[in-house]
Amino acid sequence: MAYLLMQPVLGLGQHVENVPQAFDALSSEPEVILINNKVKVPHRHGHFQGVQPFNKNGSEKLLISGSSRSKAYVLQIDLTTLKSETLIPLMKDPYRHAGGIQVSEPYLIVGIEDNIIKTTSKVCLYNCLNNALDQAQPSITINREGKAKRHTAGATGLLAMEEGYLAVVANWDSRNWDFYHIAPEKGKQELLYSFEAPQDWGSYQSINLIKDTSAIYAIGFYKKDMIGTADLMLVSKLGYFELIMEKIRSKTFNCKKGVDFNSAVGLQVDQEGKLHFWATQADSAKEIAINKFSQP
């Protein structure tokens, strides 16, 4: 077991008072946000993969990760003007698939994989509050390689702790979850535990971490019977990190305007400690639909 202490709420820290209560309180009906997109986004053999809001220099931004035939990228959107701003190429072929993401300020975690051969991936932390993300310069990279599908990185989550960060990296269809302790300021990372998901768990396309005053949780997003679905898993109690991995809740969401939980989905905790889910449509267009599901 590993000793990981809780960190107080800072900025958009992924911390609420009671995670199961916040999860239950989320509205299943979304606020629909339409983005005016004039940025050319590569879309052949790929789609949007993850979404995360963050605050940069007082401006609310939205990051959408994506995959294509030739490159992995992040699209940055301004939530004040409701316009796309820039496309940030992260890596090129064969690392063409940027999966589900999470921001735990100041870092963005994103897994970038070879989604054709499926034997390698790179899990990167970028400081998204300076120019490191704009320049595609990760603060730390975890190189993964091995048996096909086992060491891919289709979904990632990141949670600030008192010392460093807890990260989760899920492989192809989220059959295996690897938990890491990452200290980006020291350039260190350590694999803590590997977990094989039960067969009845979803094929989660995005996984995010969140905590409350007593425990750490993961939320997995996927589409089940054409309906947006989120599962809440109890990962560990705070203090000594010891895997529990019990699914304790499941909730469905009424996606609108073509938004799809098999594409980009992610959680946010706002400055008031309220929980929100953000989701997008699968593919880029001149108008990009966003659904925001919120806790009252």
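This is a predicted model: local features need pLDDT of at least 70, side-chain atom pairs count only at pLDDT 80 or more; totals for chains, interfaces and linings use all residues.
Two strands are said to pair if DSSP finds at least two bridges between them.

**Paired strands**

Strand E3 covers residues 48-56, strand E4 residues 59-66 and strand E5 residues 71-78. The table sets out the two pairings.

| Strand pair | Sense | Bridges |
|---|---|---|
| E3 and E4 | antiparallel | eight bridges |
| E4 and E5 | antiparallel | six bridges |

Phe54 has Lys61 in E4 as its bridge partner, while Ile64 stands opposite Leu75 in E5. The hairpin of E3 and E4 has two residues between the strands, and Asn57 in this hairpin adopts a positive phi near 55 degrees. Four residues lie between E4 and E5 in their hairpin. Strand E4 is mostly covered, with six of its eight residues buried.

**A buried loop residue**

Asn37 belongs to the loop between strand E2 (31-36) and strand E3. Asn37 counts as buried because its relative accessibility is 6%, and buried means under 20%. Its side chain reaches the backbone oxygen of Ala285 at 2.9 Å. Beyond residues up to four places away in sequence, Asn37 touches Ser84, Ser284, Ala285, Lys286 and Ile288.

**Nonpolar cores**

The largest nonpolar core contains 24 residues, and Ile210, Ile219, Phe221, Leu275 and Phe277 have the most contacts inside it. Among the elements that give two or more residues to this core are helix H1 (19-25) and strand E16 (215-224). E16 gives the most, with four residues. A second, separate core of 23 residues includes Ala155, Leu159, Trp177 and Met233.

Key. Residues are numbered from 1 along each chain as its sequence is written. Side-chain values use heavy atoms; hydrogens and water are left out. A nonpolar core is a set of buried Ala, Val, Leu, Ile, Met, Phe, Trp, Tyr and Cys residues joined through side-chain atoms within 4.5 Å. Buried means under 20% relative accessible area, exposed over 50%, partly exposed in between (1.4 Å probe, protein chains only). A polar contact is a pair of N or O atoms within 3.5 Å; within protein, one must be able to donate a hydrogen and the other to accept it, and residues adjacent in sequence count only if both atoms are side-chain atoms. Contact means heavy atoms within 4.5 Å.
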